[in-house]
Amino acid sequence: MDYKVNSVSDNRVFVETESYRRLLEALEVMREYRGNILHVVGAPGTGKSANLYRGIQEAGLDVYEVPCNLESADVSADYVFRRLLDEMKEELGAYTREDLYRKLAGFDAVVFADRFHDSHDFSEFMGFSQWTATAGSETLKFYIRCIHEYIRNRREFRKMNIIFQTAWRFYFRGKKLDIFTDIPIISSALFNFLRIPFTAVRIDYTITETLNIIKAHSGADEEEIRRYIELYGCRPRTVLEKMRSC
């Protein structure tokens with residue numbers, strides 16, 4: 001069984017938590033207003049995608065998921081940027097950049113999530129996360145290019161809502177960590193800084209919430225689940241995957 005959620009249809013089993021309720025409140029605002037930028041952050045294995053796709057469905061949002069389908073990771077930041085625009089134009093039937101932004105503004109939200117970051121999980125292409133893993137300084141160039149594009153077209157972007165599934169991953173002693181959630185003090189400071197210009201929701205759980213999520217997906221007894229939580233933390237997908245592999 002694959003516990004990773006990549007779309008609304010993957011959410012066969014879902015347990016509501018306090019994090020989810022905060023996320024849903026932020027998403028419901030987007031039905032009425034434009035100009036919101038929402039960052040959804042969380043440690044690897046907490047289920048950011050599961051929460052985001054469930055919230056989009058429950059809030060009744062009409063969203064457009066930005067694609068990123070790269071044939072190779074050995075490409076420049078400029079190429080990735082042009083490729084993203086070209087793919088969106090083709091999908092939405094837009095002929096110019098201005099026309100594209102008008103079409104994007106017609107959705108309740110534009111979403112940068114699994115179809116953008118992890119297209120390699122369900123297609124033959126490489127996703128953005130695979131590109132950033134080897135791109136080095138080109139990654140920074142890409143972000144600078146995006147910021148420049150936003151500033152140049154901020155009037156058009158203010159007519160949109162944008163949702164980012166945000167992660168800044170790195171490996172430490174063999175573990176995959178997230179800079180917004182896994183480093184004591186620093187992660188909290190960075191997350192609070194992110195909340196100054198944007199709306200930001202962190203997906204995290206109490207031990208009780210983690211137990212309830214895992215129980216909904218597994219027939220394991222509570223004592224066994226608690227042992228795995230002690231080892232891997234309150235990351236339901238990680239715990240479920242580790243339990244399955246043993």
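## Basis of the description

Contact here means heavy atoms within 4.5 Å, and helices (H or I, at least four residues) are DSSP runs numbered from the N terminus. The model is predicted, with local features needing pLDDT of at least 70, side-chain atom pairs counting only at pLDDT 80 or more, and totals for chains, interfaces and linings using all residues. Residues are numbered from 1 along each chain as its sequence is written, and side-chain values use heavy atoms, with hydrogens and water left out.

## Helices H3 and H7

Helix H3 (residues 77-92) packs on helix H7 (residues 137-152) at an angle of about 45°, and their axes are 8 Å apart; axes are lines fitted to C-alpha atoms over the stretch in contact, with angles running from 0 to 180 degrees between N-to-C directions. H3 is therefore oblique to H7, a term for angles left over once those under 35 degrees (roughly parallel), over 145 (roughly antiparallel) and 65 to 115 (roughly perpendicular) are set aside. The crossing of H3 and H7 is right-handed, that is, the near helix is turned clockwise from the far one by less than a right angle.

On the H3 side, Ala77, Asp78, Val80, Phe81 and Leu84 take part, and they meet Glu138, Lys141, Phe142, Arg145, Cys146 and Glu149 of H7. By class, this contact of H3 with H7 has 6 nonpolar, no polar and 5 charged residues, where Ala, Val, Leu, Ile, Met, Phe, Trp, Tyr, Cys and Pro count as nonpolar, Asp, Glu, Lys and Arg as charged, and the others, Gly among them, as polar.

## Helices H1 and H2

Helix H1 (residues 18-29) and helix H2 (residues 48-59) have axes 9 Å apart and pack at an angle of about 50°, which means that H1 is oblique to H2. H1 passes H2 in a right-handed crossing, and the contact involves Tyr20, Leu23, Leu24, Leu27 and Glu28 of H1 together with Asn51, Leu52, Arg54, Gly55, Ile56, Glu58 and Ala59 of H2. Sorted by class, the contact of H1 with H2 has 7 nonpolar, 2 polar and 3 charged residues.

## Helices H10 and H11

Helix H10 (residues 207-217) and helix H11 (residues 222-232) cross at roughly 120°, their axes coming within 10 Å, and the two are therefore oblique to each other. H10 passes H11 in a right-handed crossing, with Ile207, Thr210, Leu211, Ile214 and Lys215 of H10 in contact with Glu222, Ile225, Arg226 and Ile229 of H11. The contact of H10 with H11 has, by class, 5 nonpolar, 1 polar and 3 charged residues.
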